[in-house]
Amino acid sequence: MSVFDGLKFRKVTSPVHNLDPRMKFIYVIVIFVSAILFSSIIPLMVLFVMQLPFVFVAKVQKQWVRSLRGAAFLALFIFIINIVTSYFGNNFTLLASNIEAAIALTLRFVVLIESFSVFFLTTSPDHLGLALEQSRVPYEFAFAFTTAVRFVPVLAEEAQTIMDAQKARGLELEKGNLLKRIRNYIPVLIPLIVSAIRRSLELAEAMESRAWGASKKRTNLFSLKLHKGDYALLALSIGVLVGAIYISFFVSIPTITSLF
Amino acid sequence: MIEAEDIHYSYPNKVEALKGVSITIKDGEFVAIMGQNGAGKSTFIKHFNGLLKPTQGRVKVDGVDTTKTSVASLARNVGFVFQNPDHQLFSETVEEEISFALKNFCFDKKIIEDRVTWALELLSINQYRKTSPFLLSGGERKRVALASVLAWDPQTLILDEPTIGQDHEQKEKLRQFIMQMKAQKKTIVIVTHDVEFVAECNPRVILMKDGKIIADGIGTAILTDPVMLELSSIVLPQIAEVFTKLGALGLPKNIIDIYEAKALLLKVRERLNK
Ligand SMILES: Nc1ncnc2c1ncn2[C@@H]1O[C@H](COP(=O)(O)OP(=O)(O)OP(=O)(O)O)[C@@H](O)[C@H]1O
Ligand SMILES: [Mg+2]
């Protein structure tokens, strides 16, 4: 469940937390696009390192490391799949360049996880909802989205409790072959889904009985305004995007293997 | 037999939920753990079947250190019913739900059928045998969860808030059932906020506060101690309240049993009539 820890917002303030979520989101998208543009190690490394200042300024290193650790399994999976397919695709030989490509693709995945993790770790769900609303997303959707984000950690905690409850009834999750092990999770998944549905219905009823949606025109206590830092981030985002596009089309990037 | 020696427990987020608790629960004992919300009761009892392992100290169940064995093997002797039934119901029918654990413990088919019928009748949910547990009311779901654990007849039974959402008749049945188990020398540990229920059962009472045990003794002593109860946000049972107020008449204060109360009051009336 540690992947979800990387999405859990904690209330702290830092220059990064105070940035406008819309600008941060643009930045994340830019990193995302750039990561997709490149498939060699060096630029992906640069993208990876570029986000470290944000992590440290926001002081979310611990949670950030935890979310990366949570993603490690998937990263390993991507790496192995790449190695295996290139091994079979190349008539059962494995070149150094194949390994490098596999590492690069894994790194790309890590960069994607990293950027989203930084975004969610430093953006409160309230801020996010506000940003959506001010981007003219209908309030109902904005609300549904922020509620969903807010409930991710709750769900992760609940999954833990359910596992405990089933273990107390003699369920052994790590028993049997692969198929059996997947089947072992049915007693965990069903209560999780059922209680999520039950909770959402109850939430809807509770909200409606407190007159949710009664007034058509809502106003907000806070509104988001762009500050200097936000413009700087926007400029940085544009810079990175232009740079990334330029480099990926006009500069030939050396691979590590070609350097030797 | 459950032995906990000076156990501490911190959750991964560094919340220290237990700050050094020790306890010995002998076979055949009936214990009620009480205390305010967040006192650490649920955390504590999860150590009794190995769901949580102490970060410091030791827990032994029937002489076995819980860190040296699995929850599944401890569960055979220690049944644990969770606070919220929705955390465990998943089967298509109530019957299947109850047989889940029995299958995990590899009981014979014939025995499974018998035990399921026994548990269904015990908790008066026989009419729902083929119903989906998700269609039942809250109190009924709670009973299905209870039945699904009682079915394998564990030596020790741990119940987290068993009386929540139960009407009076069901509570009374639960009480009678607990007494019956006690007569069979089973160990029962309940966590509850229901002071009247505890007063009626009169078990050994343990009060917890802020991750520590602040009182441990017989019900009549603890449930009539206003200072201790105040500390754990519990009100006196009604009978104890009456007798505390009647203290001036020279009546004893530590009364929680209704029959004892009645006898005492009759005596007072006789004295007055003379
Ligand atoms: N999964 C968890 N992660 C982190 N902290 C937790 C977790 N579960 C409980 N706690 C904390 O541990 C403390 C003890 O919680 P516990 O659930 O044991 O209380 P309790 O006595 O059972 O309360 P209640 O009467 O409300 O059921 C609380 O401060 C709670 O916030
Ligand atoms: Mg509890």
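Select Lys14(B) to start. Lys14(B) sits in the loop between strand S1 (2-10) and strand S2 (16-25) of chain B. This is a predicted model, so read the backbone angles here as computed values. Phi of Lys14(B) is near 75°, which is positive in a residue other than glycine. Is Lys14(B) buried or exposed? Lys14(B) is exposed, because its relative accessible area is 68%, and exposed means over 50%.

Pick Arg136(A), between helix H8 (125-134) and helix H9 (139-167) of chain A. Arg136(A) is not a glycine, yet its phi is positive, at about 65°. Its relative accessibility is 76%, so Arg136(A) counts as exposed.

Go back to chain B and colour its domains. There is domain 1 (1-77 + 154-233), then domain 2 (91-153), then domain 3 (237-274).

Now show the largest nonpolar core, which holds 50 residues. Which members touch the most others? Select Met34(B), Ile98(B), Ile178(B), Ile190(B), Leu207(B) and Leu223(B). Next, highlight helix H5 (residues 138-150) of chain B, which gives the most to this core, with six residues. The core draws at least three residues from each of domain 1 and domain 2 of chain B.

Centre on Met34(B). Leave aside its neighbours within four places in sequence, and list what is in contact with Met34(B). Among the contacts are Lys41(B), Thr192(B), His193(B), Asp194(B), Val195(B) and Val198(B). Val205(B), Ile206(B), Leu207(B), Met208(B), Leu223(B) and Ile234(B) are also in contact with Met34(B).

Another core, of 30 residues, lies apart from the largest one. To find it, select residues including Leu18(B), Val21(B), Phe44(B) and Ile206(B).

**Where chain B meets chain A**

Show both chains. Here 22 residues of chain B are in contact with 17 residues of chain A. The area buried between the two chains is about 1800 Å², and carbon and sulfur atoms give 63% of that area.

Then look for charges. The rule finds two salt bridges across this interface. Zoom in on Asp86(B) and Arg198(A), whose side chains meet in a salt bridge at 3.6 Å, N to O. Five residue pairs are in polar contact across the interface.

Helix H2 (71-75), helix H3 (94-104) and H5 of chain B each supply at least two residues of the side that touches chain A. H3(B) gives the most to that side, with four residues.

**Last stop: domain 1 against domain 3**

Stay on chain B. The centres of domain 1 and domain 3, taken over C-alpha atoms, are 30 Å apart. Eight residues of domain 1 are in contact with seven residues of domain 3. About 670 Å² is buried between these domains, with 69% from carbon and sulfur atoms.

Select Glu196(B), Thr220(B) and Thr224(B). In domain 1, these lose the most area to domain 3, together 56% of what that side buries.

Finish with two helices. Helix H7 (195-201) and helix H8 (219-222) of chain B each supply at least two residues of the domain 1 side that touches domain 3. H7(B) gives the most to that side, with three residues.

Key:
Residues are numbered from 1 along each chain as its sequence is written. Chains are lettered from A and ligands numbered from 1 in the order in which they are written. This is a predicted model: local features need pLDDT of at least 70, side-chain atom pairs count only at pLDDT 80 or more; totals for chains, interfaces and linings use all residues. Side-chain values use heavy atoms; hydrogens and water are left out. A nonpolar core is a set of buried Ala, Val, Leu, Ile, Met, Phe, Trp, Tyr and Cys residues joined through side-chain atoms within 4.5 Å. Buried means under 20% relative accessible area, exposed over 50%, partly exposed in between (1.4 Å probe, protein chains only). Domain bounds come from an automatic or database domain assignment. Contact means heavy atoms within 4.5 Å. Buried area is the accessible area (1.4 Å probe) that two parts lose on being put together, summed over both. A salt bridge is a side-chain nitrogen of Lys or Arg within 4 Å of a carboxyl oxygen of Asp or Glu. A polar contact is a pair of N or O atoms within 3.5 Å; within protein, one must be able to donate a hydrogen and the other to accept it, and residues adjacent in sequence count only if both atoms are side-chain atoms.
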